[in-house]
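Colleague: Could you take me through this model and tell me what stands behind each label?

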Amino acid sequence: MVVRAGAYDDELVKTAKTIASPGRGILAMDESNATCGKRLASIGLEKHRSQPPGLPDPPCHRTGLGTVHLRCYPLRGELYHSTVDGVRMVDILTEHKIVPGIKVDKGLVPSAGSNNESWCQGLDGLASREAAYYQQGARFAEWRTVVSIPNGPSELLRSFSTVSMASTGSFQVAQKVWAENFFYMAENNVMFEGILLKPSMVTPGAECKDRATPEQVSDYTLKLLHRRIPPAVPGIMFLSGGQSEVEATQNLNAMNQGPNPWHVSFSYARALQNTCLKTWGGQPENVKAAQDALLLRAKANSLAQLGKYTS
Ligand code: 13P
């Protein structure tokens, strides 16, 4: 099928605006099969057997998450799955006015010639895969890659010979990365009104002993975003990046204490799912309590998006 250039522009912009509307955020549950296995192992469970290559991932705990109300929801193989009652996951989500999305990168692979860094694959055949996902009901796509600090980005290591303070390193690297990203997106005529950005917050590194306050995280992160992200982008949807559930909510809340040119919200995986997963523990009788735990975090982050969260 030949698709006219721009045929989906209006729909894409509308979808981005819907997701980036007051109090709304994203439940990121698009972990790879391997990461899903790690999450389940943390509560003493094994993931379902792997499918043969080329077939969608098998259903796992995420089916249970899908019935909780959120605005939008990037998936992996669940796009093709049904609940035990035979209802398609995408139909449940759409019925609840949740926008189903799909992760389209194919994960990280080692990057040759780099400083032990990785890059993600999946550009080959992307257009036809996306067309098939659209037919299945997906209305947005997520592409994610990782920039490692202090290993990379390689060219940066030459100019930043000492990355001593983790937060400074994170700020400087992010400035460089977003400048280049937006330069190349502009060169490639990416329609900024149709994208949502999913960055990490500027926080001290995981091994840094000094923790930052929500105000410090907010100051550094907003400074970075104001310097680099055009206001045409409708939403900034942060990942939680290993912050605790409450920390991630407090940091988001701090960033919404004043007006921003973009919707500043969440696309959290761990900071929405951790308690939910532990509460569930693989036991059918815990599903309702687990969903309530997820709802609690979703509501807290919805308030934080409005700048109204109080712990
Ligand atoms: P975390 O919120 O757990 O960092 O994950 C977000 C993410 O990138 C999943 O797509």
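Colleague: Where is the place of Q216?

Modeller: Q216 sits in helix α8 (residues 214–228). Helices here are DSSP runs of H or I with at least four residues, strands are runs of E with at least two, and both are numbered from the N terminus. This is a predicted model, in which local features need pLDDT of at least 70 and side-chain atom pairs count only at pLDDT 80 or more, while totals for chains, interfaces and linings use all residues. Residues are numbered from 1 along each chain as its sequence is written.

Colleague: Is Q216 buried, exposed or in between, and what makes you say that?

Modeller: I count other C-beta atoms, placed from the backbone, within 10 Å of the residue's own: 20 or more means buried, 12 or fewer means exposed, and in between means partly exposed. Q216 has 17 of them, so Q216 is partly exposed.

Colleague: Which label does W262 get, and why?

Modeller: W262 has 19 other C-beta atoms within 10 Å, so W262 is partly exposed. W262 belongs to the loop between α9 and β9 (263–268).

Colleague: Which residues does W262 touch?

Modeller: Leaving out residues up to four places away in sequence, W262 touches I229, P231, V233, P234, G235 and I236. Contact means that the C-beta atoms of two residues, placed from the backbone, lie within 7 Å. The C-alpha atoms of W262 and A232 are separated by 7.9 Å, and the two residues are 30 apart along the chain.

Colleague: Now the helix pairs. Why is α9 called roughly parallel to α11?

Modeller: Two packed helices are described by the angle between their axes and the distance between the axes. The axes are lines fitted to C-alpha atoms, for helices over the stretch in contact, and the angle runs from 0 to 180 degrees between N-to-C directions. Under 35 degrees counts as roughly parallel, over 145 as roughly antiparallel, 65 to 115 as roughly perpendicular, and the rest as oblique. Helix α9 (residues 245–255) and helix α11 (residues 287–305) pack at about 20°, with axes 7 Å apart, and α9 and α11 are therefore roughly parallel. The contact is formed by E245, T249, L252 and N253 of α9 together with R297, A300, N301, A304 and Q305 of α11.

Colleague: How do the residues of that contact of α9 with α11 divide?

Modeller: Into three nonpolar, four polar and two charged. Ala, Val, Leu, Ile, Met, Phe, Trp, Tyr, Cys and Pro count as nonpolar, Asp, Glu, Lys and Arg as charged, and the others, Gly among them, as polar.

Colleague: What makes α10 roughly antiparallel to α11?

Modeller: The axes of helix α10 (residues 270–280) and α11 cross at roughly 165° and come within 8 Å. That angle makes α10 roughly antiparallel to α11. In this contact L272, Q273, T275, C276, T279 and W280 of α10 meet V287, A289, A290, A293, L294, R297 and A298 of α11. Those residues divide into nine nonpolar, three polar and one charged.

Colleague: How do you know that strand β3 is largely enclosed by the rest of the structure?

Modeller: Five of the five residues of β3 (residues 99–103) are buried, so the strand is largely enclosed by the rest of the structure. V99, G101 and K103 point one way, P100 and I102 the other way, and all are buried.

Colleague: In which sense do β3 and β6 pair, parallel or antiparallel?

Modeller: Parallel: β3 and strand β6 (residues 140–142) pair over three bridges, where DSSP must find at least two bridges between strands for a pairing. K103 stands opposite E142 in β6.
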